[in-house]
Amino acid sequence: MTTHTAEVNIGTSGSRSATTLKRSLGLWAIVGLGLGYMTPTTVFDTFGIVSNETNGAVPLAYLVALVAMVFTAVSYGRMTRVFPSAGSAYTYTSETIHPNLGFLVGWASLLDYLLLPLVNALLIRIYMQSFFPDVPAWIWVVGYVIVITFLNLWSMKSTSKVNGFLVVFEVVLIGVFLVLAWNALSHGDGNGSLFTTTPLFHDGVDASAIMSGATVVCFSFIGFDAITMYTEEAKDTKTVPKAIVLALLIGGAIFFVAAWFGQSVFPTLDGFQNTDDTLPEMALKVGGEFFKILFTSAAFAATVASSLSSHASVSRMIFVMGRNGRGPVSRLFSFVHPRFQTPSFAVIFVGAVSMLAIPFTLEFVSSMINFGALIAFTFVNLTVVVYFVFRKKEYRTPREVLTNVVLPVIGMVLTGVLWANLNLDALTYGAIWFGIGVLCLLVITKGFRSKLSVSMREEDAVELGG
């Protein structure tokens with residue numbers, strides 16, 4: 001295999017300060033941003049959809065998805081240690097395989113990252129319209145996006161504090177739901193007991209149904225990978241791999257336990273008027289009208305937390321891609337505000353894209369959001385093999401074969417299975433977006449005659465050698 005040596009753009013000390021992010025995030029702040037991105041209350045929003053898909057085995061679908069994600073999380077953690085720079089799959093692919101391929105992987109995953117802040121703004125629009133139907137929808141979108149953009153522009157530390165508060169709020173309300181569900185079960189509701197295997201195994205459950213449900217819920221886990229975007233703002237880059245695994249396991253535990261309680265209380269969807277978003281009715285049935293208001297507030301908080309963390313992560317990806325590009329647009333996106341030490345123009349750009357929540361529908365956006373994530377997951381697993389097997393030649397012991405070949409290959413296979421379950425709309429719109437990325441790369445590289453460079457911070461630069 002041909003190897004490529006990355007061109008590390010360092011420049012003078014003065015130019016370095018113009019592209020340096022502030023290191024202000026500790027381990028739990030990063031974990032909180034990952035959990036905020038994952039939005040724990042999603043398990044209740046999608047409960048009806050997944051219950052229909054799996055014939056009443058939502059916890060098992062989450063368990064299967066968690067197992068699939070663990071292999072990819074391990075690969076992310078390993079590559080973060082090798083390349084402690086923001087940029088995630090884009091950075092790893094650029095520096096282990098080829099910068100041009102890295103650009104295309106980054107472009108594909110950018111679709112996913114860019115659309116999540118937009119989806120959150122769209123959900124807020126829907127929530128507010130349900131309470132205030134006479135107020136024009138655009139007012140809620142504009143006001144909300146401005147606030148989220150300002151918080152991300154102002155300070156990453158402030159963003160993480162607000163995000164942390166909102167995550168704690170929603171987790172506490174999920175805990176209250178579990179207590180109320182336990183009480184309902186003790187009075188004979190649902191399965192009548194929490195200690196039963198019915199939520200996992202019962203008549204009518206088959207492997208194809210569970211895999212279909214896992215395909216839906218696996219994207220609830222998107223967020224652990226976004227943690228890599230905060231590498232250059234971590235107080236200690238060594239905490240990032242740990243934060244990735246912690247966020248995935250904590251989020252997975254919340255999803256599984258909440259799904260178990262929910263499925264125990266509601267073994268079927270009989271009596272539900274709206275199975276597309278079951279959160280309000282689940283809260284109403286276990287805790288009454290007042291708890292419904294509280295739990296809906298928690299869902300609102302979860303959406304805000306996801307907005308903060310997803311807005312922050314995608315702006316970091318744009319920042320890194322801009323830092324590695326050429327021309328005025330690249331210089332604009334790689335600019336770091338001298339006072340706030342945040343990638344200001346990248347943050348503002350994400351806010352501008354989020355304004356598309358005014359005309360777009362949730363169905364249209366959600367059909368596209370999964371395409372880039374699976375491409376990123378696949379290539380991160382692939383980069384582990386390329387770097388450790390082909391570059392470092394670490395495949396001579398059973399342990400090296402296990403960690404450098406078996407585990408990442410399993411990760412690639414599992415993401416491939418999930419890819420096979422993508423719907424046609426996601427594949428179609430994703431392919432169009434990918435095609436636009438190829439055209440952009442053709443222009444940037446002048447028909448592939450010039451190679452993109454890979455820029456890392458000086459203290460984080462890694463010699464790749466041929």
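Helices here are DSSP runs of H or I with at least four residues, numbered from the N terminus. The model under review is a predicted one.

1. Lysine 393. By that assignment, lysine 393 belongs to the loop that joins α16 (371–391) to α17 (398–420). Its phi is near 60°, a positive value in a residue other than glycine. Lysine 393 counts as partly exposed because its relative accessibility is 39%.

2. Asparagine 55. A positive phi, near 60°, is also found at asparagine 55, which follows α4. This asparagine is placed in the loop between α4 and α5 (58–82). With a relative accessibility of 41%, asparagine 55 is classed as partly exposed.

3. Helix α4. Which residues of helix α4 (residues 47–54) are buried? They are Phe47, Gly48, Val50, Ser51 and Thr54. Viewed down the axis of α4, these buried residues fall within an arc of 165°, and they therefore line one face of the helix.

4. Aromatic pairs. The count of aromatic pairs comes to 18. In one of them, the ring centres of phenylalanine 177 and phenylalanine 295 are 5.6 Å apart and the planes lie at 10°, so the pair is stacked; the cut-off for stacking is planes under 30 degrees apart.

5. An edge-to-face pair. Phenylalanine 266 and phenylalanine 272 pair edge-to-face, with 5.2 Å from centre to centre and 80° between the planes. Phenylalanine 266 and phenylalanine 272 are both buried.

6. Aromatic cluster. Phe177 and Phe295 also belong to one aromatic cluster, together with Phe44 and Phe291.

7. Charges over rings. Where does the charged end of arginine 78 sit? It is over the ring of phenylalanine 388, at 4.0 Å from the ring centre. In another such contact, arginine 396 lies over the face of tyrosine 395, 5.3 Å from the centre of the ring.

How values were computed: Residues numbered from 1 in each chain as written. Predicted model: local features only at pLDDT ≥ 70, side-chain atom pairs only at ≥ 80, totals over all residues. Heavy atoms only, no water. Phe/Tyr/Trp six-rings, centres within 6.5 Å; stacked < 30°, edge-to-face > 60°. Buried < 20%, exposed > 50% of the residue type's maximum accessible area, 1.4 Å probe, protein only. Lys NZ or Arg CZ within 6 Å of the ring centre and 35° of its normal. Helix = DSSP H or I, 4+ residues; strand = E, 2+ residues; numbered from the N terminus. Arc of directions from axis to C-beta.
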